[in-house]
Amino acid sequence: IRRSVVLGSGSALPKRCVTNADLAEQVETSDDWIVERTGIRQRYIAGEGETTSTLAGDASRKAIEAAGLTADDIDIIVLATATPDQTFPSTASKVQHDLGCKNAFAFDVAAVCSGFLYALGAADSLLHRGMGKRALVIGAETFSRILDWEDRTTCVLFGDGAGAMVLELQEFPASEAATARGVIETKLHTDGEHNCLLYVDGGPSTTQTVGKLRMKGREVFRHAVVNLANVLTEVLEGTGYEASQIDWVVPHQANARILDATAKKLGLPTERMVKTVEMHANTSAASVPLAYDVAVRDGRIQPGDLVMLEAMGGGFTWGASLLRA
Ligand code: ACO
């Protein structure tokens, strides 16, 4: 069997940390409201000189170093973002230049908060097809730049950041299928019917403006819990694993209540959910690889652990990926 093995991960955050109390000076909100409804205590906000591509570059350098590789070893770069530096060229091509990955072809993927799952699915498929041996998969965002800072119902929820993983296609004897490292299965879904519940009200082909994020939070919440539970069940049934065998779930960090509700639906103890939402808020496509990297570096995720990644976001898009770390 062949699997895309995660050789290393990395992450990056902007310098400036903004607490709930800081936000309460700007909009009518409170630390109590934000913590109770979302679990968020602080977020990092990009300042001058910090963009999606610079955060992506910083996270990627750490991932390549953790993988024990150099920039030359990367064949494919897939970068998920909804907040690219520019409409074009792709942010991935800027990162390719910044890192000096001269052997890599690079492109962006847009699936908002599920972007990293889509990027991982794309990279894993390209590796299996022989389009390269090693892929750099990145989720990077600067959502602070598309927030309506006068809308307290959305501006308190998001933060900026980046996360990255390096994948390498490796071969294992079929007899080692149960223990072989790497991505076991990824499932992705889209339902465009609900694109009015979470969207940006601008774009090059419509308003010629960047636009601002708009969301009907309550309805998004309802769809998120149902869709996530469904896709997690689908991956477990497809691979023959039981929820009880999962060592760590690394969910998209939208809201602590969505994480808890999803864990409950699956019968998973909440201690096995990696939760970073209190520190980073919702960093959209960056949140899964960022949380993964935090849990690897603090020693929670160990080589050989069975890890479920999952996310849901605008589109709607959602997905899950089961891997052995
Ligand atoms: N501070 C204080 N009060 C607020 C704030 C705020 N920042 N925002 C809203 N309120 C008020 C509202 O005005 C409302 O007041 P009212 O009752 O007088 O009208 C009250 O709080 C309740 O508002 P709701 O929107 O009903 O609150 P809810 O309990 O649904 O929580 C939240 C809102 C946190 C957005 C929740 O719906 C949620 O988490 N939804 C999921 C959205 C999400 O995470 N999206 C991320 C992108 S998609 C994804 O990643 C899954």
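What radius of gyration would a compact globule with 325 residues have, and what does the protein have? A compact globule of 325 residues would have a value near 20 Å, and the protein has 18 Å, which agrees; the radius is taken over C-alpha atoms, and the globule rule is 2.2 Å times the number of residues to the power 0.38. The structure is a predicted model, in which local features need pLDDT of at least 70 and side-chain atom pairs count only at pLDDT 80 or more, while totals for chains, interfaces and linings use all residues. Residues are numbered from 1 along each chain as its sequence is written.

Along the principal axes, the C-alpha atoms fill a box of roughly 60 × 45 × 40 Å. Ten helices and 13 strands are present, defined as DSSP runs (H or I of at least four residues for helices, E of at least two for strands) and numbered from the N terminus. Of the 325 residues, 51% count as buried, that is, with 20 or more other C-beta atoms, placed from the backbone, within 10 Å of their own. Among contacts between residues at least 6 apart in sequence, 78% join residues at least 24 apart; a contact requires C-beta atoms, placed from the backbone, within 7 Å.

The domain assignment gives domain 1 (2–174) and domain 2 (176–324), with bounds from an automatic or database assignment. Their centres, taken over C-alpha atoms, are separated by 14 Å. To the contact, domain 1 contributes 51 residues and domain 2 contributes 49 residues. On the side of domain 1 that touches domain 2, the elements giving two or more residues are β1 (2–12), β3 (42–45), α5 (115–128), β6 (134–142), α6 and β7 (160–171). This side of domain 1 comprises 25 nonpolar, 19 polar and seven charged residues; Ala, Val, Leu, Ile, Met, Phe, Trp, Tyr, Cys and Pro count as nonpolar, Asp, Glu, Lys and Arg as charged, and the others, Gly among them, as polar.

The ligand is surrounded by 22 residues, of which T29, R152, G217, F221 and A254 are the closest; a residue is near the ligand if its C-beta atom, placed from the backbone, lies within 6 Å of it. Two or more shell residues come from each of α2 (31–38), α6 (152–155), α7 (217–239) and β12 (306–313). The most are given by α7, with five residues. Eleven residues of the shell are nonpolar, eight polar and three charged. Because domain 1 and domain 2 both give residues to this shell, the ligand lies between them.

Note on methods. Contact = placed C-beta atoms within 7 Å. Buried ≥ 20, exposed ≤ 12 C-beta atoms within 10 Å, placed from the backbone.
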